[in-house]
Amino acid sequence: PVSEDENNALGFVEYKNAWYRKHFTLPEEDKGKRITLLFDGIATHATVYLNGCLMKHNFCGYTSFEVDISDVAEYGKDNVLAVYVVTNDLHEGWWYEGAGIYRHVRLYAKDKLHIAHNGIFGKPILKEGTKNSWNVHVETMIENSNYVCRTAAVRATILDGETVIAQNTSKPQKVDYASKLAIN
């Protein structure tokens with residue numbers, strides 16, 4: 001509730017620290033994959049635990065962050081995700097910024113060799129002397145969570161609805177274990 005006893009710059013709302021808990025089960029077929037949680041936003045400071053293990057601290061309520069839970073997750077069993085949010089003494093803004101988990105949380109099960117989170121970048125460049133003709137440079141960040149080197153190639157396709165406008169496939173490249181590689 002709004003109260004004039006609270007800070008006016010923060011909307012006259014009392015901020016309280018909070019715990020969030022979520023129980024979930026992962027299917028057995030996800031064993032061997034990279035399992036991550038993507039938090040789109042938690043205001044303000046958050047600590048993430050899975051099955052009682054500390055996984056991550058996040059210190060900004062305005063940025064998304066990813067948590068790799070692969071090594072702690074149980075398959076075919078109950079998992080407990082717990083998030084502790086500190087809101088009452090740490091404010092980033094001078095306005096009412098809210099508190100707690102205020103955006104989506106997504107769980108991803110990825111192959112060990114995969115496109116990294118936010119790993120696709122396209123840069124359109126207008127061809128010189130034209131009004132409607134473009135070159136598009138596409139860079140894809142490949143992440144290898146395996147303990148062995150792997151080979152990857154990327155096919156970039158630009159569509160206009162159902163119609164393929166442009167397509168290109170990179171040459172296969174080695175991706176070292178536990179590393180990332182930008183492929184153009």
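**Close-up views of a predicted model**

**View 1. Arg 21 is placed over the face of Trp 19, at 5.0 Å from the ring centre.** A charge sits over a ring if NZ of Lys or CZ of Arg is within 6 Å of the ring centre and within 35 degrees of the ring normal. This is a predicted model in which local features need pLDDT of at least 70 and side-chain atom pairs count only at pLDDT 80 or more, whereas totals for chains, interfaces and linings use all residues. Residues are numbered from 1 along each chain as its sequence is written, and side-chain values use heavy atoms, with hydrogens and water left out.

**View 2. Ring pairs join Trp 19, Tyr 49 and Tyr 84 into a cluster.** Rings of Phe, Tyr and Trp (its six-membered ring) pair if their centres lie within 6.5 Å; planes under 30 degrees apart are stacked, over 60 edge-to-face, and the rest tilted. Trp 19 and Tyr 49 form a tilted pair, 5.9 Å centre to centre with 35° between the planes. Trp 19 and Tyr 84 are also tilted, at 4.8 Å and 45°.

**View 3. Trp 19 is partly exposed, with a relative accessible area of 44%.** Tyr 49 is likewise partly exposed at 26%, as is Tyr 84 at 25%. Buried means under 20% relative accessible area, exposed over 50%, and partly exposed in between (1.4 Å probe, protein chains only).

**View 4. Arg 34, Asp 68 and Lys 112 are among the residues lining the second largest pocket.** This lining comprises two nonpolar, four polar and six charged residues. Nonpolar covers Ala, Val, Leu, Ile, Met, Phe, Trp, Tyr, Cys and Pro; charged covers Asp, Glu, Lys and Arg; the others, Gly among them, are polar. A pocket is an open set of points on a 1 Å grid over the protein atoms alone, where a 1.4 Å probe fits, with protein on both sides within 12 Å along at least five of seven lines; lining residues have an atom within 4 Å of a point.
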